[in-house]
Amino acid sequence: MLQHQSSSATKSAPSSIGLEVVRRRGADGRIPVRTLDRGASSSAAAAEPTGYPGGPYDTSLLVKYEHHVARHIWFGEERGPKKELKVAGHGLKLNSRVPLALPPQMESWVSRSGLASLQRTSLNKIDTNLVSAFVERWHLETSSFHMPFGEMSITLDDVACLLHLPIRGIFWSPQDVTEELAVELAVDYLGVSQSQAQSHVRSCRGSYYKLEWLYDIFVHHRAASSWAYATRAYLLMLVGSTIFADKTFTLVEARYLLLFRDLDGCSGYSWGAAALVTLYRYLGDASMYSCKQLGGYPTLLQCWIHEYFPTVGKRGENWNPAGNCGLPRAMRWSYRQGVLKWGETVVPYLPDRCLRQFGYRQYVPSPPLDCMMATDIDVDWISYHQSVVDVIGSSSVATTPSEVVDGYLEWYYRVSHPRLVPPHRDAPREVPVPVYDAGPSDPDWARVSTLIRRYLRQVNAEEEDPQFSDLFEALHISRSH
């Protein structure tokens, strides 16, 4: 299944990667060393390729590739009996826990917090195979997916459009929270008794709160009209189920309660950056062969995939980024280059590696910055306007979605791995088009196919559901004519 998803992602790649380049690739999907750089010296061109089989020849960029899952997949080694990662979405639970309408006293705080959109954005079902296939192409050194045609990434612009979270604001600097402090915070800001807080934190075996416990506190205080306590419990449950979800899938760190001490001031945080940093960190962990789970907000990742690769996976009609986006993608100011920070986590944020997502020609980017060399990130981000000029000034507007400058693909195939598995050694052949991708040639059958497909989407039907098996069979028959 994972290989199917990876090949599907390749099929959805921009189609204008030149045929000449494709013909020049070797059996492993790479351009031979002698053609990598037309201006290179003869001695450099004659050098034997180094690096990993199927992985990068030049290992100066992906320095952690030795432990990456892609290196093992090349040799047929999956993570375990279950090839896909364990990924948990809280969409169904949130549907039952988020009320249709909050009391006005709470609604005011939630709206001003900048987090209100998270109440309705979570997908009910996460496609773990689809998500796992993309995680296999993520590299923490560049904070990007290494696709067969170049790099792509989830940007702040994507977060603003997909989740409607603010991407301007304060980068939060946390304080360590011990179990004793977690108890005090619960007493002071969640309105529970000392004994109740101690018993609960002890059961969590650390400075955590259970999401179910927070929901019970919210229900209790809402009934008692204790609006501040109810709102804090609700918001902490909300972020713990979405942008701050961890790999336990049931707990949230107690230190995040500090974000909601002042309910009137929590709107000043860059929640979009927080969501992105958290997801970047978990993607980096999950890209390693030894990791079996993915934390963070999988809805953000899956909806990003649906937006950029609309033919890959099953895209539910209940999530339509274009129709629900109040912020136009033309807002390009989020090109800020450098690093992002949330809490103690610092990750590279390098949109110059995926300029085609913004409508510009891709050039060979500069080496990633060392996150640990970053000084005052909050101050550094004040000058993002100048960074926009630096990033865009070296490029130009693309005439096609896949346009790159001369030499980019040659460089990319040298430092990355365009294939996840070795190609077949037999003669190349055309890939058969699945029946569900082939459209009917007869206009009457095309009309029948359109009507059936429209109805199935309206009812959000799944092909595995026996209730709709006859309709799906009719759809396939109509598409074969």
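**Exercise 1. Work out how the sheet built from β2, β3 and β4 is put together.**

Solution. Start with the order: three strands make an open sheet, β2-β3-β4, with antiparallel pairing. β2 (138-139) and β4 (150-152) sit at the edges with a single partner strand each, so one side of each has no neighbour in the sheet. Strands are DSSP runs of E with at least two residues, helices are runs of H or I with at least four, and both are numbered from the N terminus. Strands count as paired if DSSP finds at least two bridges between them.

A word on the model: it is predicted, so local features need pLDDT of at least 70 and side-chain atom pairs pLDDT 80 or more, while totals for chains, interfaces and linings use all residues. Residues are numbered from 1 along each chain as its sequence is written, and side-chain values use heavy atoms, with hydrogens and water left out.

**Exercise 2. Trace the neighbours of β3 on both sides.**

Solution. Take the β2 side first: β2 and β3 pair antiparallel over two bridges, and Trp-138 is opposite Phe-145. The two strands form a hairpin with four residues between them, and Ser-143 in that turn has a positive phi of about 50°.

Now the β4 side. Three bridges join β3 (residues 144-147) to β4. His-146 has Glu-151 as its bridge partner, and Met-147 stands opposite Gly-150.

Buried means under 20% relative accessible area, exposed over 50%, and partly exposed in between (1.4 Å probe, protein chains only).

**Exercise 3. Find the buried residues of α6 and say what they pack against.**

Solution. In α6 (residues 104-113), the buried residues are Met-106, Trp-109, Val-110 and Ser-113. They cover an arc of only 95° around the axis, so they lie on the same side of α6; the arc is taken from the directions from the helix axis to the C-beta atoms. Their packing partners are α11 (211-223), α12 (227-241) and α13 (271-286), with contact meaning heavy atoms within 4.5 Å. Just after the helix, Gly-114 has a positive phi of about 85°.

**Exercise 4. Check the span of α12 and how enclosed it is.**

Solution. The expected span is 1.5 Å times one less than the number of residues. For the 15 residues of α12 that gives 21 Å, and the end C-alpha atoms are 21 Å apart, which agrees. Next, burial: 12 of the 15 residues are buried, so α12 is largely enclosed by the rest of the structure. Finally, the buried residues of α12 pack against several elements, including α5 (91-97), α9 (179-190) and β6 (251-253).
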